[in-house]
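Let's take a walk through a protein together, one region at a time. Keep the structure open beside you and look up each residue as it comes along.

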Amino acid sequence: MSHARKEYSDFKVLAPDAYESVLALGGFAAKAGLDKSLLELIKLRASQINGCAFCVQHHILQAERLGVSVDKLNLVVVWREAPQFSSRERAALAWTEALTLLTGGVSDEVYEQARAEFSDKELTYLTSAVASINVWNRFGVAYRWTPPARQTQARVAAS
């Protein structure tokens, strides 16, 4: 794969109104009280499905900062087979996959699983978070944004 066509920082400069809108949409779920670690897991899963290297790396780094275990981050791609995920996380990941792939729609089973774990309000905000990460993925994939570098202790100390 060739280098980036544009970078994430270019998006902020070229279309600040679009950038702010997508950023705001993505922030509503956390402001509504949904767990930030859960939100990072769904953003990571959607980004894996969509093949957005920038967003995969960004959300791994964000989840690590929130204390999500490395095992959980490594296994989110196979969450159905991994015992690390709670029933709430499983419902959110299934919902994320259904809304990201969309070809088959959202099955009654996935909807009922999500409704068993989330209130109507929570599910609406969860849906907004899935919508937002899918928008970010479209930009990241289209422009091949360079994944963010992991901050090492030496780099952090020098800052």
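The largest pocket holds about 420 Å³ of space. Keep in mind as you look at it that this is a predicted model.

Which residues lie nearest the centre of this pocket? They are Leu23, Glu40, Lys43, His58 and His59, and they belong to a lining of 19 residues. Four helices, α2 (16-31), α3 (36-50), α4 (53-65) and α8 (120-143), each supply at least two residues of the lining. Of these, α4 gives the most to the lining of the largest pocket, with five residues. What kinds of residues make up the lining? Ten are nonpolar, six are polar and three are charged.

The largest nonpolar core has 28 residues. Inside this core, the residues with the most contacts are Leu39, Ile42, Phe85, Trp95, Phe118 and Leu126. At least two residues of this core come from each of α3, α6 (87-101), α7 (108-117) and α8. The largest share comes from α6, which supplies seven residues of this core. Apart from this core lies another one, of eleven residues, with Ala15, Cys55, Ile133 and Trp136 among them.

Not counting residues up to four places away in sequence, Leu39 touches Ala29, Ala30, Leu34, Leu126 and Ala129.

Our last stop is a pair of residues, Arg45 and Glu97. Arg45 lies in helix α3, while Glu97 lies in helix α6. Both of these residues belong to the charged group. Is Arg45 buried or exposed? Arg45 counts as buried because its relative accessibility is 12%, and the cut-off for buried is under 20%. Glu97 is buried too, because its relative accessible area is 7%.

Glu97, in turn, is in contact with Arg45, Ile49, Trp79, Arg80 and Leu102.

Note on methods:
Residues numbered from 1 in each chain as written. Predicted model: local features only at pLDDT ≥ 70, side-chain atom pairs only at ≥ 80, totals over all residues. Heavy atoms only, no water. 1 Å grid on protein atoms, 1.4 Å probe; cavity = no way out; pocket = protein on both sides within 12 Å on 5 of 7 lines; lining within 4 Å. Points joined across faces, edges and corners; volume = space filled by probe spheres on them. Core = buried A, V, L, I, M, F, W, Y, C linked by side-chain atoms within 4.5 Å. Buried < 20%, exposed > 50% of the residue type's maximum accessible area, 1.4 Å probe, protein only. Contact = heavy atoms within 4.5 Å.
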